[in-house]
Amino acid sequence: MPIAGTSSSGQFSCATSDHRTLRDLRIKRKGQPVFVIGHLIDRKGQEATFEVFNDRLAVVKFPDGVAVGYDPFELLLPTDIDPDGVAYFEIRGCAICGQLFPLTGEECDAPQEPTACPDCRDQ
Ligand SMILES: [Zn+2]
């Protein structure tokens, strides 16, 4: 059983081939930068930080101070975090299913970016 916990210490996570959304992280750290693709149209595409779990929802805080709960699947991880802690998001739309997904640092540096999301690439 994976331990689904929250922690306020340690490093924040970037997207990898194994984890691309907050849901995929074994340990979800308070303050983790995320890119929101969830249900609220006026918040879609904004950056926020993960605060805490409330039931099954991951509560994130937007720069304007508003806190909203999301399915962790709707929160994408950054492509890179620089030494100052600034998160960079390289978000792409899948050419097959239209789903948004974050590039990993490796994919971002590769000569050819992937055009399909990980799910479609697996099929
Ligand atoms: Zn896809």
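The exercises below concern a predicted model, and each task is followed by a worked solution.

**Exercise 1.** Determine which residues have the most contacts inside the largest nonpolar core, and which elements give two or more residues to this core.

*Solution.* Begin with the core itself, which has 17 residues, and in which L22, V34, F50, A58, V60, L75 and L76 have the most contacts. Then turn to the elements, where two or more residues of this core come from each of β3 (33-36), β4 (47-54), β5 (57-61) and β7 (75-76). Finally, take L75 and set aside residues up to four places away in sequence: L75 then touches T21, L22, V34, V36, F50, A58, V60 and Y70.

**Exercise 2.** Work out in which sense β3 pairs with β7, and over how many bridges.

*Solution.* The pairing of β3 and β7 is antiparallel and comprises two bridges; within it, F35 has L76 of β7 as its bridge partner. As a further step, consider β4, which runs antiparallel to β3 and is joined to β3 by three bridges, with V34 standing opposite A48 of β4.

**Exercise 3.** Decide whether E107 counts as buried, exposed or partly exposed, and describe its surroundings.

*Solution.* First locate E107, which belongs to helix α1 (residues 105-109). Next apply the neighbour count: because E107 has 18 C-beta neighbours inside 10 Å, it counts as partly exposed, given that a buried residue needs 20 or more and an exposed one has 12 or fewer. Once neighbours within four places in sequence are left aside, E107 is in contact with E113 and P114. Lastly, the C-alpha atoms of E107 and T79 are separated by 9.1 Å, although these residues are 28 residues apart along the chain.

Technical notes
Residues are numbered from 1 along each chain as its sequence is written. This is a predicted model: local features need pLDDT of at least 70, side-chain atom pairs count only at pLDDT 80 or more; totals for chains, interfaces and linings use all residues. Helices (H or I, at least four residues) and strands (E, at least two) are DSSP runs, numbered from the N terminus. Two residues are in contact if their C-beta atoms, placed from the backbone, lie within 7 Å. A nonpolar core is a set of buried Ala, Val, Leu, Ile, Met, Phe, Trp, Tyr and Cys residues joined through C-beta atoms within 7 Å. Two strands pair if DSSP finds at least two bridges between them.
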